Each structure stands twice: as C-alpha cells, then as structure tokens.
Amino acid sequence: MLKLVEEIRVENFKSIEKLNLPLGRVNVFIGENGAGKSNILEAVAFAAAAAAEKIDNEFLSARGIRVSRPDLMRSAFDKYNSDKDIKFSLTLNSHEGVKNEYDFSISSDDRPYASWKISEIDESSNVLSFSEIDLNKFESLLRVAFGINEEDSNISDVEKRNLRVIQAMVNSINSKKSTFEKNKSGKISIKVDLNDEEEEFYEARKKLAREEFGRFVIFSPENTALRSLQSEGQIVPLGVNGEGLLQFLATLAEKEEEDFTQIKNALSLFTWFSDLKVDSEDAQNPFKLRDRFLDPNFGWMDQRSANEGFLFAAFYFSLFTSKLTPRFFAIDNIDASLNPKLCQELMVSINKLSKINNKQAILTTHNPAILDGLDLTDPEQKLFVVSRDRKGKTRVRSFDKPEAVETTRLSELYIRGLLGGLPKGF
C-alpha cells in the first residue's frame with residue numbers, strides 16, 4: 001500500500017532555515033534536546049493546516065503546534081530576513097500512485113493579533129513522477145496497483161474508469177517519452193493528458209490525498225487525559241493529549257469493529273494482560289481490564305487501576321489501527337512511561353500495524369530501546385538524526401546502518417555516540 005507523503009521541504013520555520021525530508025512509512029527522529037525535532041513535527045503540522053486552509057491560531061494549537069508571535073514562528077538567524085514567508089513544498093501520493101506537488105507560501109504582517117495568510121498555492125496537475133521508466137512494465141504495474149484483471153468479466157464501472165485513466169497515462173508516456181524532464185527532486189516527470197471525465201476522477205483522488213494530509217496531528221499523550229471518560233479535545237476521535245481514548249474504544253467495541261480485536265491482540269505484548277472490554281451500560285466504569293494473574297472472582301479492573309504504560313500503548317495501537325484516526329500523524333516522545341524492552345516490542349508492533357492499516361507516522365524519542373524495534377533493511381522504516389549546525393540551524397541526516405555494524409544493536413550505537421544526536425558538552 002502506498003504511503004501518503006513522499007517528501008516535505010520546509011523553509012524559514014523556527015530553527016529550520018531550509019530542510020528536505022524524504023519520508024518512509026515509519027520515521028523515527030533522535031537528537032539532543034533543543035535540536036529541532038519538535039520544530040520539524042510542527043513544520044509538518046503547519047503545512048497540513050495550510051493544506052486544509054485552517055491556519056488560525058486556535059487550529060494550529062489544536063494540532064499540537066506551540067504557537068508564538070509570528071516573528072518567532074519564522075527563522076530569526078538574520079534580522080534582515082526575519083520577515084520572509086514560511087514556505088512548504090509537498091510531494092503527496094494519490095491512491096493511484098500518482099505524485100502531486102503542492103507549494104505553500106505563508107505570511108503574516110506581524111501586527112498584534114494578526115492572522116496568517118496563505119499567499120500562494122501552486123499545484124501541479126496530472127503529473128507522474130518516476131525514478132526511471134520501463135514502458136514494457138509500466139502498464140502492467142499500474143493495472144496491478146489498481147487491482148484490475150482484464151480477464152474478469154465482472155469489472156465494475158469504477159474499475160473501468162480506472163482502466164481508462166491507466167490507458168491515458170500510458171498513451172501520454174508513449175507520445176511524450178522523448179520530452180521527459182527531471183523535476184526539482186531529480187525524478188522524471190510528465191504531464192498526463194486526460195479527458196473531462198478522467199480529469200474529474202483524477203482531481204477527486206488528488207483532493208482526497210490532500211485532505212488526508214490535512215488531518216496531520218502531533219500527538220503527545222498524558223496520563224490524566226488517557227484516563228478521562230470524557231472527550232474534551234478539539235481533535236476527534238482522539239485528542240492530541242490522549243483525550244477520548246476510552247470513549248473511542250467503547251465506540252469500537254459497541255460496533256464490534258475488527259479494529260477493536262486488532263488492538264486487543266496488539267496489547268497481548270503485556271504478559272499480564274488477559275482481556276479488555278468496554279461496558280457501555282456502566283457509566284462510571286465502562287473500561288474493563290483483566291489481569292490474568294488475579295483470581296477470576298476478583299472481577300475486572302477499571303481505568304483508574306489500569307497500568308499507565310498500558311494506556312499509552314492502547315492509545316498508540318488505536319492510532320495505528322483505526323480508519324477513524326488520521327492516516328498520517330506524529331507522536332512526540334513515544335517512549336514516555338514505557339519500559340525499555342516494551343519500547344522495542346512496541347516499535348515492532350507499530351511497524352506491522354502501519355503496513356496492515358496503511359498508516360504513516362513520524363516519531364520522536366530519547367530512549368535508545370526504541371531504535372532496537374526498527375529494521376533498517378526495510379526501506380519503509382527510517383531513522384533520522386537531528387542536530388544543529390554551527391549557526392544553530394536545524395539539520396537532519398538519514399542513518400542507514402552500515403554492514404560493518406550489522407550485528408550491533410542500534411541502541412548500543414546510539415549510546416556510544418556512533419549515530420550522533422547526543423550532547424557534546426559533557
């Protein structure tokens with residue numbers, strides 16, 4: 001399944017002067033405090049707010065962005081350039097694997113209570129991007145991506161429309177293959193000729209990809225919010241601090257959703273965990289948790305007696321499981337309240353769930369054990385080291401585990417300072 005976001009480019013946001021970020025499906029950021037990890041998450045959230053055309057401060061705060069004065073939201077390394085616009089460029093995948101480029105320029109006049117304005121939106125249309133092109137394989141690959149079997153006599157109207165779009169793509173490539181040009185990311189791009197019906201279908205899918213990106217939120221759950229029976233966050237179904245978790249699980253359980261079973265199965269990594277149910281008829285204690293070591297006659301534990309780490313894990317698994325949660329999101333400090341071994345197993349489970357449920361995420365951590373749950377031989381799992389250069393500007397380096405240290409745990413490499421991302425002053 002396709003990941004939603006291929007690449008994000010940011011200019012002039014907080015400690016980020018300029019940054020290109022090619023993303024995998026699960027992306028882990030490490031780095032010392034103040035290096036700019038949270039600023040990167042906020043830059044993505046700001047871009048998502050712009051894509052959704054909701055950049056008022058209350059919407060920004062609800063997404064997990066630390067909102068301050070406009071001049072402090074922009075890079076302030078050079079006072080003569082401190083009034084420059086914040087710029088974002090995105091490469092998003094539609095459901096057909098077509099890559100769409102979006103460019104936003106966001107400005108503010110810095111007056112008291114001034115609002116942000118999207119001063120420029122430049123969208124490319126009907127553009128396909130490739131690292132390389134093999135025309136003999138391209139059409140068959142697209143047919144597989146669409147799930148279309150020509151020999152099937154029961155092809156639906158939607159599938160027929162998909163097939164027409166595929167044929168239009170191939171025809172465009174065949175007619176223009178001598179005029180391919182490389183775009184700014186170095187990939188080969190071509191504009192596809194579509195008729196009105198195909199154009200409408202294509203634009204609808206492109207709009208869907210943009211709307212999915214526009215739901216991006218930075219989650220940073222807190223113990224008190226996770227135990228609350230009431231949903232008080234502006235973001236639903238799960239708030240940025242964990243609001244609404246119990247109500248959300250109750251909704252899934254009541255509808256007997258497969259998601260609820262998937263969440264329970266994932267929670268089995270807790271060796272003491274036996275069962276979970278939500279009793280909607282019990283208004284005071286709807287959350288029911290069973291510890292397999294306790295006498296069955298003891299009954300069920302409620303949310304007040306639930307283990308803190310268990311609630312955090314339940315929240316994370318809910319994010320990576322349900323179709324009701326964003327397809328693309330961030331979790332800041334995912335290691336909070338978790339045992340190191342649990343951190344490792346949590347990451348293994350998250351990587352599996354992200355592929356099954358087509359989720360994409362950016363995670364930050366200070367716990368080396370999180371890294372041991374990564375498999376860097378999988379191109380969909382990425383590790384980024386965040387630091388600041390001599391001028392204080394945030395920079396990001398992708399870490400690819402070299403063969404020479406293939407048998408060494410990533411946590412050990414991190415602690416020994418071989419990955420980077422550790423303070424150098426002590």
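What share of the contacts in the protein with a separation of 6 or more is accounted for by residues 24 or more positions apart? In this predicted model, such residues account for 63% of those contacts. The secondary structure of the protein comes to 13 helices and 16 strands, and buried residues make up 51% of its 426 residues.

**Surface**
- The protein exposes about 21,100 Å², of which carbon and sulfur atoms supply 46%.

**Helix α9**
- Within helix α9, which spans residues 258-266, the buried residues are Asp259, Phe260, Gln262, Ile263 and Ala266.
- These residues lie on the same side of α9, because they cover an arc of only 160 degrees around the axis.
- Glu258 and Asn265, on the other side of α9, are exposed.
- The cover over the buried residues of α9 includes the helices α8 (245-254), α10 (308-321) and α11 (340-356), together with the strand β11 (273-278).

**Aspartate 332**
- Aspartate 332 is placed in the loop that runs between β13 (328-331) and α11.
- Although aspartate 332 is buried, it has no salt bridge, and the nearest side chain of opposite charge, that of arginine 66, is 6.7 Å away.
- The side chain of aspartate 332 is instead joined to the side chain of serine 38 by a polar contact of 3.1 Å.
- When its neighbours within four places in sequence are left aside, aspartate 332 is in contact with Ser38, Leu41, Ile218, Phe219, Ser220 and Thr364.

How values were computed
Residues numbered from 1 in each chain as written. Predicted model: local features only at pLDDT ≥ 70, side-chain atom pairs only at ≥ 80, totals over all residues. Heavy atoms only, no water. Buried < 20%, exposed > 50% of the residue type's maximum accessible area, 1.4 Å probe, protein only. Helix = DSSP H or I, 4+ residues; strand = E, 2+ residues; numbered from the N terminus. Arc of directions from axis to C-beta. Contact = heavy atoms within 4.5 Å. Areas by Shrake-Rupley, 256 points an atom, 1.4 Å probe, with all protein chains shown as cover. Lys, Arg positive; Asp, Glu negative; His and termini not counted. Salt bridge = Lys/Arg side-chain N within 4 Å of Asp/Glu carboxyl O. Polar contact = N/O pair within 3.5 Å; in protein donor to acceptor, adjacent residues only side chain to side chain.
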